[in-house]
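The following note sets out, in numbered points, what may be read from the structure shown here.

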Amino acid sequence: MCEIQFVMSHNINDEEIGNFLDMLTEGSYSNSDATGLCTDNGTKWKFPNAIHRLKDKKTDHLLRDIRMNTNKFLIGHNRLATTGDEKFNKNNHPFETPNIMLVHNGIISNHMSLKGDFSLDYKEETDSAIVPYLLETYLSLPDTDIVSAIKETAESLQGSYSILLLHKPSGRTFYFKNSSTSFSFMKTITKSGKASLYGSTKDQNLLNCYDWEKDGMFNVDTLRKRAFAEPDSGIIYEITEKGLNLDEVGKFTPFTYTTTSALRPAY
């Protein structure tokens, strides 16, 4: 599967951006088909290649652009392609619609049936692309807010999913998953008192964010504090800048395969 990377902070700085890019680079070695990222203001970049293969000049330009367009957070994606040719950036993450920007790790097994059932017309070939278009469909219904749209979308999906999304009109950021995927968050406070929230599909990426110093035979954490959390399946979390917390804002019931699932409609 793919990997998702994340960082949020108050007035994000070069150290946090560097840590994020280190995670994105590390994830690109085993998920090398494409790399994508976006910022809190909706700016996005897509590369039909692994970020570790980018030339130095292009990497320098990317870092400059990230600094210019990021205040609060960065979302990144390392792609291991399933459906949709990665040579065409329309098939790579992040996926964007008028109200949504998101990345997905996993495989949506019923994306084609959902596309037909909801009469959706979009050009992307990747299974992940169904998610933002479903969200837009539910958001278009009367009296449906973003949390309700996430619930309805999540309960429509079959397969595996770990999803980080930005609701562009409100600037709110959400995370949700089912039990077939993994993701962890890490909150840090450095010795200087700077607080950050990181997230990654792989825990080791989080542990590598800051170095460990050597004191004789002991490894000493360079942070003053480091705390970990693993989100639960079936919970909609809002990632808040204030306090750098994950607030539970809704619940959903993930699709569960049973012996009779094959007899049910795929929607």
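1. Asn11 sits in the loop that joins β1 (3-9) to α1 (14-30). The model is a predicted one, and in it the phi angle of Asn11 is near 50°, a positive value in a residue other than glycine. The relative accessibility of Asn11 is 65%, so the residue counts as exposed, the threshold being over 50%.

2. Leu244 also deserves attention: its phi is near 50°, again positive in a residue that is not glycine. Leu244 belongs to the loop between β14 (235-240) and β15. With a relative accessibility of 3%, Leu244 counts as buried.

3. A cis peptide bond connects His93 to Pro94, with omega near -5°. Pro94 is placed in the loop between β4 (73-79) and β5.

4. The buried residues include Tyr133, Glu136 and Tyr138, together with the leucines Leu134, Leu135 and Leu139. Packing partners of the buried α4 residues are β5 (95-96), β6 (100-105), α3 (111-117), α5 and β7.

5. His111 is part of helix α3 and is buried, at a relative accessible area of 11%. Apart from neighbours within four places in sequence, His111 is in contact with Thr83, Glu125, Asp127 and Ile130. Ile130 is itself one of the buried residues of α4.

6. Ser140 lies in the loop between α4 and α5. Its relative accessibility of 57% makes Ser140 exposed.

7. What arrangement do the rings of Phe183 and Phe185 adopt? Their centres are 5.1 Å apart and their planes meet at 70°; planes over 60 degrees apart count as edge-to-face, so the pair falls in that class. Phe183 and Phe185 are each buried. They belong to one aromatic cluster, in which Phe6, Phe73 and Tyr175 also take part.

8. Turning to the whole, the protein chain has 6 helices and 15 strands. Its radius of gyration is 19 Å, close to the 18 Å that the globule rule gives for 267 residues, so the chain is as compact as a globular protein of that length. Along the principal axes, the C-alpha atoms fill a box of roughly 65 × 40 × 35 Å.

9. Buried residues account for 51% of the 267 residues. Among contacts with a separation of 6 or more, 63% are between residues 24 or more positions apart. The accessible surface of the protein chain is about 12400 Å², and carbon and sulfur atoms contribute 50% of it. The chain carries 29 positive and 35 negative charges, whose mean positions are 2 Å apart.

Terms used:
Residues numbered from 1 in each chain as written. Predicted model: local features only at pLDDT ≥ 70, side-chain atom pairs only at ≥ 80, totals over all residues. Heavy atoms only, no water. Helix = DSSP H or I, 4+ residues; strand = E, 2+ residues; numbered from the N terminus. Rg over C-alpha atoms; globule rule 2.2 N^0.38 Å. Buried < 20%, exposed > 50% of the residue type's maximum accessible area, 1.4 Å probe, protein only. Contact = heavy atoms within 4.5 Å. Areas by Shrake-Rupley, 256 points an atom, 1.4 Å probe, with all protein chains shown as cover. Lys, Arg positive; Asp, Glu negative; His and termini not counted. Charge placed at Lys NZ, Arg CZ, Asp CG, Glu CD. Phe/Tyr/Trp six-rings, centres within 6.5 Å; stacked < 30°, edge-to-face > 60°.
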